[in-house]
Amino acid sequence: MKKIFVLSFLCLFLAFHSQRVSSQEHASTPPRGWNSYDSFCWTISEEEYLASAYVIAKQLLPHGYEYAVVDYLWYRRKVPGAYVDSLGFDVIDKWGRPIPDPGRWPSSKGGNGFTEVASKVHQMGLKFGIHLMRGISTQAVNANTPILDVTTGTAYKESGRIWTAKDIAITARRCAWMQNGFMSVNTTLGAGKAFLKSLYVQYDEWGVDFVKNDCVFGEDIDVGEITVVSEVLKQFDHPVVYSLSPGTQVTPALAKGLTGIVNMYRITGDDWDTWGDVAAHFDVTRDFAAANLIGTNGLLGKSWPDLDMLPLGWLTDPGSNDGPHRQTKLTLDEQRTQMTLWSIAKSPLMFGGDVRKLDTATTSLLTNPTLLEINSFSSNNKEFPLISGASSKGDIENDDLVNSWQSRRQLKSLQPSDSQVLHLASCADEKAIGWSTKALDQNLEHICWKEHSRKKYQTPFCLNKRESLLAVEEDIMYKQQYQGKVNLLASDKEDMCLHGSPKRKLTSKELKRGFFSPCGWDANQMWELNPNGTLSNSYSGLCATVNSVKGKANSVGVRAWIATGRNGEIYVAFFNLNSAKTTITAQKSDLAKALPGSRVSAGPCKATELWSGQDLGIIDQAISFGVETHGTALFVLHCG
């Protein structure tokens, strides 16, 4: 009997210990799965989703693709007039919380939400994920629904009264690119926190394992909401992966304050199936690796910079009301480049194509064992700039020049015209300091950005300043918050004000230049010049900078990444961003300097190239390989 008791106690201890280890190692490797957005936009139904989940479980789960995520607007009725930014078509409960559209999700009827769908997904061995927009819906605010207090199961009460949606909604902070959809909630209020908690407690009850929180990061950042949600998720019995989106203009300085309370976060705009979108990821990915933010501490585990979904296979179009209807526009070489960069940069791998039409070529790309090994278990992942490139045709043409910082060859550089681009950055970033006022007369002032350019004749970047519009009566409680803010206009004769964050979703390749729209009561148009020379935006809380960006900066050149494997192998990836085949070369001695302590300095290395299957034999001096247009070469080196 004593032996049985001891054995039972030991089993309980081991079970408890394994649960704690699992919790501590939450998202210990980059999450991997499928998301419905690239193939269905917002229109996916329960039948389509479960059919997709079945294929994922059979074909992709054995390779670690464990999350099946329903992207946005699962609560929107698919009826005439409904689209991505329509108003009045959402299904919400009496507490103002979105619930699945029963027309598309019939198992949700009777208040079941996603409970039955999540259960079926779990039975397949998968984990269930959903998408959620920022804050509270305009529809709930218009209906002025009461706020649920999950601790009592009744309406939230404080200071002797019941709180409602209009009490917590910040109407001046509507999602910049979804004006009719959602707005921030005031997280300084108990009722605001209670509303967000009621959302995520409901998702926990449904069995949700993954939440993609949208319009809360990048130029739409909402630190208050992210912080509250993270604290709520910590309290659940089972871990929930917390993902932030979108990543427009995200920098390491902006992300560092939040990496510890999330598990993955987008660092670019939306990635679609164009070469420009793929190429736009190289600079930002380099910067996050250099800042040591790959796999740093996160919510109950690790956090990972997210390069967005993989738009491969059968897709739809951005903002479409139609499901999957076309093949990816990326060539096979471009698809290999994307998958290789995503893997060696250790981005989460979220496939976006229609899995019901998964072809052999896409499957082999998604499940390549070398790429998945690198994605999960490699270390010291970083860009390797000590490379050179030469066109296979001889001299490199002007539009195919290599764009390497420390290339061993002296190459003539492009001289495209510079373009001034308005960026938003962390106000703690020194690069955001440089704004000042300039009086033109007693009635007109300019706010101008300091001129860094060597071109002394270039006109400084200036905007006209005027006091911002006051709130309408229903926003009177927020008037004081926006007192002293200003609007910025291109001309004193036009009622067009500068927006900080874009009013539509941007793709990765798009450089957002500050734009103007009719002035209104909108925090996105409200700015404050601070004593330290920063210019902060009231919508995002970020500060404006003006940068000169060279055309084609992201679209040409050669790049390389390196990493070490868990068994001592060395990974070297070449990328050709040029429009002609290019021979790329890396010296073995430079690899040894970049990876001190690795086996690459221990002696000769035996090398194989993944995509061609070539055995390159012994590498004594250098790796040199011809890489196709927009293509990649991935070498596995066994040294010493």
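## A helix pair: H3 and H4

Let's start with two helices that cross in a right-handed way, H3 and H4; a crossing is right-handed if the near helix is turned clockwise from the far one by less than a right angle, and left-handed if anticlockwise. Please keep in mind that this is a predicted model, in which local features need pLDDT of at least 70, side-chain atom pairs count only at pLDDT 80 or more, and totals for chains, interfaces and linings use all residues. Residues are numbered from 1 along each chain as its sequence is written, and side-chain values use heavy atoms, with hydrogens and water left out. Helices (H or I, at least four residues) and strands (E, at least two) are DSSP runs, numbered from the N terminus.

The axes of H3 (residues 46–60) and H4 (residues 115–123) come within 10 Å and cross at roughly 15 degrees. That makes H3 roughly parallel to H4. Angles under 35 degrees count as roughly parallel, over 145 as roughly antiparallel, 65 to 115 as roughly perpendicular and the rest as oblique. The axes are lines fitted to C-alpha atoms, for helices over the stretch in contact, and angles run from 0 to 180 degrees between N-to-C directions. On the H3 side, Glu 46, Tyr 49, Leu 50 and Ala 53 meet Val 117, Lys 120 and Val 121 of H4, where contact means heavy atoms within 4.5 Å. The residues of this contact divide into five nonpolar, no polar and two charged. In this scheme Ala, Val, Leu, Ile, Met, Phe, Trp, Tyr, Cys and Pro count as nonpolar, Asp, Glu, Lys and Arg as charged, and the others, Gly among them, as polar.

## The nine-stranded sheet

Nine strands form an open sheet with mixed pairing, in the order E14-E15-E13-E12-E11-E3-E2-E1-E18; two strands pair if DSSP finds at least two bridges between them. E14 (296–298) and E18 (349–351) stand at the edges with a single partner strand each, so one side of each is left without a neighbour in the sheet. From one strand to the next, the twist averages 30 degrees.

Within this sheet, E11 (residues 210–214) and E12 (residues 241–244) run parallel and are joined by four bridges. Phe 210 stands opposite Val 241 in E12.

Another open sheet has six strands in the order E19-E31-E32-E37-E34-E35, and its pairing is antiparallel. Here E19 (379–383) and E35 (615–619) are the edge strands, each with a single partner strand, so one side of each is left without a neighbour in the sheet. Neighbouring strands are turned by 20 degrees against each other on average, direction ignored. Four bridges join E34 (residues 605–609) to E35, and the two run antiparallel. The bridge partner of Thr 608 in E35 is Asp 615.

Helix H11 (residues 281–290) packs on this sheet, touching E19, E31 (558–564) and E32 (570–576), and its direction makes about 35 degrees with that of E31. Helix H14 (residues 369–377) also packs on the sheet, touching E19, E32 and E37 (632–639), and its direction makes about 70 degrees with that of E37.

## H14 meets H12

H14 has a helix partner too: its axis and that of H12 (residues 332–344) come within 7 Å and cross at roughly 30 degrees. That makes H12 roughly parallel to H14. Met 339, Thr 340, Trp 342, Ser 343 and Ile 344 of H12 make the contact with Leu 371, Leu 372, Ile 374 and Asn 375 of H14. By class, this contact has six nonpolar, three polar and no charged residues.

## Backbone details worth a look

Most residues other than glycine have a negative phi, and most peptide bonds are trans. The peptide bond from Ser 245 to Pro 246 is cis, with omega near -10 degrees, and Pro 246 lies in the loop between E12 and helix H9 (252–255). Asn 144 is not a glycine, yet has a positive phi of about 50 degrees; this residue is found in the loop between helix H5 (138–143) and strand E5 (148–149).

The chain averages a pLDDT of 87, and 85% of the residues score at least 70; pLDDT is the predictor's confidence in each residue, from 0 to 100. Over residues 1–24 pLDDT stays under 50, and the model has three contacts beyond four places in sequence for them. Over residues 394–417 pLDDT also stays under 50, with 56 such contacts in the model. Where pLDDT is low, the predicted coordinates should not be read in detail.
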